[in-house]
Structures are given as C-alpha cells and as structure tokens.
Amino acid sequence: GLLNFYPTTELAQVLHSCARIAHADCTTGEALRRLGLSVFEEILHSTAGRFLYSMGINDIRTVISLTKKAYEFFAPQVRVSLEHLSDTELLLQYRNLWTYPQFYHVGIVQGALTAYHESDRILIRVHSDCDVDLLLTLK
C-alpha cells in the first residue's frame, strides 16, 4: 500500500492530537468524528475526487462500494467488506482498523453521506477497538 511506511501507532497519535486541537470543546470521540467529517469533502475537492466525479461516480452506493478498494490501496492490513442488505440498507464492516474506526472513520462515512444528501444516521456495532460494523440506511 501507498502508506505502508507510515506506522499506524503514529497515525493514531496524529489523529488524536489534531482532533483535540481542532475540537477542544468536545469529547475525544466526538472530536475524532468531527475530524473525519471533513475528509470526504477534501477528497471531492482533490484532483482524484474531481476525476471520479467526472467519470459518473456520483452515486453514494458506488462511492461506498469503492471503500474496499481505497483501504486495499492505502491500508492493506485493514479488511473491509460491504453487504447490501436491502435497497436502502448497507452493512460496512471494518476489521483490523486501528485508527479509531468507531469515531474517525464513522465521521468519514457520515461526511460522504452528507455530501450526497443522504441521512448521516449510522448504527454502529463495536466488536473491539479495531473491528466495527456500520449499518447505513440510505434514501
């Protein structure tokens, strides 16, 4: 992966510090979630994001389905699976994700849902510090 050289422990420390500085008035978990909220918007404004959007990848279901590929590229130690439970429900499962999946990565997904004018309501099941399931309800 592209970021294999960046130690997970250090990334977690940087995320924690940035979140506490950017959102000092919040609990640590909420600060991390808010930090994650801005990630998807930044991706959309990047060259790669504009390219994907121009290629017709402007549907939230397609974007979420690309999540697995993104993690394979940037964090190959992480396992991501996506299950389509119904036309409106998706189950996104993260395994071996050590950078606050129940906070920071939930924020990233909420940011994507918001960008596509979807409900940002996510039910979270925490199996452990690195294993989390997200149940997304779409329109």
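**View A. Thr99 and the residues that it touches.** Skip its neighbours within four places in sequence, and Thr99 is in contact (heavy atoms within 4.5 Å) with Thr8, Leu11, Ala12, Leu15, Tyr104 and His105. By the way, this is a predicted model: local features need pLDDT of at least 70, side-chain atom pairs count only at pLDDT 80 or more, and totals for chains, interfaces and linings use all residues. Residues are numbered from 1 along each chain as its sequence is written, and side-chain values use heavy atoms, with hydrogens and water left out. Thr99 sits in the loop between β2 and α6; helices (H or I, at least four residues) and strands (E, at least two) are DSSP runs, numbered from the N terminus. Is Thr99 buried or exposed? Its relative accessibility is 5%, so Thr99 counts as buried (under 20% relative accessible area; exposed is over 50%, partly exposed in between, with a 1.4 Å probe and protein chains only). The Thr99 side chain also makes a polar contact of 2.8 Å with the side chain of His105. A polar contact is a pair of N or O atoms within 3.5 Å; within protein, one must be able to donate a hydrogen and the other to accept it, and residues adjacent in sequence count only if both atoms are side-chain atoms.

**View B. Helices α1 and α2 crossing.** The axes of α1 and α2 come within 8 Å and cross at roughly 95°. That makes α1 roughly perpendicular to α2 (65 to 115 degrees; under 35 is roughly parallel, over 145 roughly antiparallel, and the rest oblique). Axes here are lines fitted to C-alpha atoms, for helices over the stretch in contact, with angles from 0 to 180 degrees between N-to-C directions. Who meets whom? On the α1 side you'll find Leu15, His16, Cys18, Ala19 and Arg20, and they meet Thr28, Ala31, Leu32 and Leu35 of α2. The buried residues of α2 are Gly29, Ala31, Leu32, Leu35, Gly36, Val39, Phe40 and Leu44. Their cover includes α1 (8-22), α3 (47-54), α4 and α6.

**View C. The largest nonpolar core.** This core has 24 residues, and those with the most contacts inside it are Ile60, Tyr94, Val109, Leu113, Leu134 and Leu136. A nonpolar core is a set of buried Ala, Val, Leu, Ile, Met, Phe, Trp, Tyr and Cys residues joined through side-chain atoms within 4.5 Å. Which elements give two or more residues to it? They are α2 (28-44), α4 (60-65), β2 (89-95), α6 (101-115) and β4 (131-137). Of these, α6 gives the most, with 4 residues. Zoom in on Ile60: apart from neighbours within four places in sequence, Ile60 is in contact with Ala112, Leu113, Tyr116, Glu118 and Leu138. There is also a second, separate core of 9 residues, with Ala31, Leu35, Tyr104 and Ile108 among them.

**View D. The open sheet of 4 strands.** Follow the strands in the order β1-β2-β4-β3, with antiparallel pairing (two strands pair if DSSP finds at least two bridges between them). β1 and β3 (122-128) stand at the edges with a single partner strand each, so one side of each has no neighbour in the sheet. On average, neighbouring strands are turned by 15° against each other, direction ignored. Helix α6 packs on the sheet and touches β2, β3 and β4, and its direction makes about 155° with that of β3. Strand β1 (residues 79-84) pairs with β2 over 6 bridges, and a hairpin joins the two through 4 residues. Across that pair, His84 stands opposite Leu90. β3 and β4 likewise pair over 6 bridges, with Arg125 opposite Asp133 in β4.

**View E. Gln93 and Asp131 in their strands.** Gln93 has its place in β2, while Asp131 lies in β4. They're 38 residues apart in sequence, yet 7.6 Å apart in space, C-alpha to C-alpha. Not counting residues up to four places away in sequence, Gln93 touches Arg79, Val80, Ser81, Val132 and Asp133. The side chains of Gln93 and Ser81 make a polar contact of 2.8 Å. Asp131 has 18% relative accessibility, so it counts as buried. Its contacts, again not counting residues up to four places away in sequence, are Tyr94, Arg95, Asn96, Arg125 and Val126. A polar contact of 3.1 Å joins the side chains of Asp131 and Ser128.
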